[in-house]
Amino acid sequence: MDVPQKNIIPAVEVRDLAIGYGDRIVLEKLNFTIDPGEVVCIMGGSGCGKSTLLKHIIGLYQPLKGDIFIRGESMVNAAGERKKALMRSLGVTYQGGALFGWMSVAENVEFPLREYTELTAAERRERVQEKLALVGLEKFGSFMPAELSGGMCKRAGLARALALEPDLLFFDEPSAGLDPLSSAGLDKLILDLRERTGATIVVVTHELDSVFTIGDRALMLDRERRTLVADGKPAELIKEYAGSWVGDFLSRNGTANR
Amino acid sequence: MKKIFSQCGEFMIFLGAVAGAVPELFRRRTRRWREFFYYAELCGFQSLPIVIMLCFLMGVVLGIQGAIQMRKVGTEIFMVDLIGFSVLKELGPLMVAIIATGRAGSAFAAEIGTMKVNEELSALRTMGSDPAGFLVLPKLCAMVISLPLLSVCGDAAGILGGMCVGVSVLEIPVAAYWLRTVDVLNIAALTGGLVKSAVYAILITLAGCYCGFTSSGDAQGVGRGATRAVVMSIFLVVISDAVMTLLFSFIGW
Ligand SMILES: Nc1ncnc2c1ncn2[C@@H]1O[C@H](COP(=O)(O)OP(=O)(O)OP(=O)(O)O)[C@@H](O)[C@H]1O
Ligand SMILES: [Mg+2]
């Protein structure tokens with residue numbers, strides 16, 4: 001692992017990134033790379049900019065400064081159809097699920113397939129059923145999003161993100177609002193996904209248990225210093241930062257909510 | 001003042017996005033019949049009863065007012081012209097536009113605003129879809145087709161309302177009223193009205209969708225967006241009515 005692997009193109013590379021809304025900087029001086037096949041957890045106190053960072057990486061917003069490379073291609077400088085294609089190649093789930101309210105759950109999952117693949121109706125139905133089964137919603141395909149619980153919406157959103165089988169996935173707090181068992185199931189699902197498809201997975205999460213179970217790496221963001229403060233294996237970070245808030249956060253001691 | 005300018009700028013950008021998405025209509029995959037029929041039913045078919053009722057009543061009211069004036073000068077039969085032309089050229093399309101503003105314009109703003117709150121707009125964009133094309137074009141097509149059709153129905157109902165008054169109050173024979181109607185009304189008046197209602201349809205849809213897209217992304221924003229859509233639509237409808245009436249008077253519509 002320590003041998004420098006120059007020929008591998010990182011799945012995500014962030015260079016000197018500054019992000020925010022208007023002139024308000026939320027995070028700055030961000031530098032990190034995510035290698036193909038890694039599961040990376042982004043952590044930090046509520047409101048420190050985790051969702052904001054994710055939305056910038058997936059190309060929804062333009063950063064104030066710096067550049068973001070997805071598989072070596074700049075997201076910031078991409079435009080038009082190229083940018084659309086780049087965005088489409090990522091699987092993304094949102095904090096609330098973001099299902100389309102006027103479509104049933106199955107149609108939601110089918111939507112990207114109908115838009116961007118040449119699959120026949122039967123093939124699409126099969127794929128939808130497969131993805132719904134993956135998140136444990138195989139019986140709810142005909143339900144409307146309004147008829148699902150919050151956690152179910154999230155899982156349906158996950159199924160939709162997986163529909164096109166992207167190799168780069170971004171989950172915004174996938175387990176918040178799920179009971180501990182489903183949340184453990186989700187961790188297993190993420191590990192399975194990586195196992196089967198070798199996908200790179202970036203997860204924003206508050207769940208310490210899942211960070212230690214699934215995370216190859218944890219990135220810690222600090223609200224006060226407005227930047228990345230720690231980057232490494234979760235278990236090693238605890239030792240390395242023992243005594244500081246990063247260590248506290250990870251070992252759940254004291255006032256970790258910074 | 002600065003705010004108005006920046007809003008105009010935003011609106012122009014929005015228009016550009018919609019215009020840029022128009023080619024989508026000519027691609028099989030992005031031709032969205034399902035959404036089209038959904039909105040055509042919502043804004044067109046479901047508004048039919050209320051349009052007919054209100055236009056009929058408007059014809060009656062106009063008939064009574066007209067009858068009073070016409071009787072003064074003894075030119076009762078001209079009431080037919082008065083009703084016919086004002087309904088065809090102005091009141092029919094305007095009535096339909098007002099109903100559509102309340103029913104469709106505000107609903108569009110609320111719908112898109114809610115999608116924004118739920119991050120559905122972001123999800124659409126990350127799936128590489130163009131929200132402007134995906135959400136605006138089906139509504140636009142549905143409205144542009146259904147409002148003129150509604151206007152035709154409203155026109156008929158309005159003329160019928162006027163006829164009821166003419167026949168009962170002024171005692172004009174039904175046949176005479178009908179003959180006079182067919183005689184004086186021309187295709188140009190009808191076309192003018194229909195063109196107007198198509199333009200209203202475009203304005204109401206654009207205003208509604210624009211207010212949805214620019215709503216503030218929380219629950220209050222959705223309500224404010226819907227209100228703003230109604231005000232903006234009515235404003236645009238009245239302005240465009242004035243402009244079109246002026247233009248049409250030159251070409252004799
Ligand atoms: N649309 C927006 N416009 C302006 N400021 C925003 C917007 N969205 C978020 N912010 C600000 O950016 C900061 C980071 O928000 P963000 O949603 O990224 O936090 P987060 O780390 O995801 O928190 P949580 O764990 O609660 O989801 C917050 O301080 C918030 O006030
Ligand atoms: Mg968040």
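**Ligand shell and salt bridges in a predicted model**

Helix α1 of chain A contributes the most to the shell around ligand 1, giving 3 residues. Helices (DSSP runs of H or I, at least four residues) and strands (runs of E, at least two) are numbered from the N terminus. The model is predicted, with local features needing pLDDT of at least 70 and side-chain atom pairs pLDDT 80 or more, while totals for chains, interfaces and linings use all residues. Residues are numbered from 1 along each chain as its sequence is written, chains are lettered from A and ligands numbered from 1 in the order in which they are written, and side-chain values use heavy atoms, with hydrogens and water left out.

In total, 13 residues surround ligand 1, and the closest are A:S46, A:G47, A:K50, A:S51 and A:T52; a residue belongs here if one of its heavy atoms lies within 4 Å. By type, the shell holds 3 nonpolar, 7 polar and 3 charged residues. Here Ala, Val, Leu, Ile, Met, Phe, Trp, Tyr, Cys and Pro are nonpolar, Asp, Glu, Lys and Arg are charged, and the others, Gly among them, are polar.

A polar side-chain atom of A:S46 is 2.7 Å from an oxygen atom of ligand 1. Backbone atoms take part as well: a polar one of A:G47 lies 2.8 Å from a ligand oxygen, and one of A:C48 lies 3.3 Å from a ligand oxygen. Taken alone, ligand 1 exposes 630 Å², of which the protein buries 63%; these areas come from the Shrake-Rupley method with a 1.4 Å probe.

Turning to charged pairs, 20 salt bridges (a side-chain nitrogen of Lys or Arg within 4 Å of a carboxyl oxygen of Asp or Glu) are counted over all chains. In one of them, A:K65 pairs with A:D16, with the closest N and O atoms 3.0 Å apart. This pair links distant parts of the chain, strand β4 (residues 65-70) and strand β1 (residues 12-21) of chain A, its members being 49 residues apart. A:K65 is partly exposed at 48% relative accessibility, as is A:D16 at 33%; the class lies between buried (under 20%) and exposed (over 50%), with a 1.4 Å probe and protein chains only.

In chain B, B:K196 and B:E90 form a salt bridge at 2.5 Å. B:K196 lies in helix α8 (residues 187-213) and B:E90 in helix α4 (residues 79-117), so the bridge ties together parts 106 residues apart in sequence. B:K196 is buried at 3%, whereas B:E90 is partly exposed at 21%.

Notes:
A polar contact is a pair of N or O atoms within 3.5 Å; within protein, one must be able to donate a hydrogen and the other to accept it, and residues adjacent in sequence count only if both atoms are side-chain atoms.
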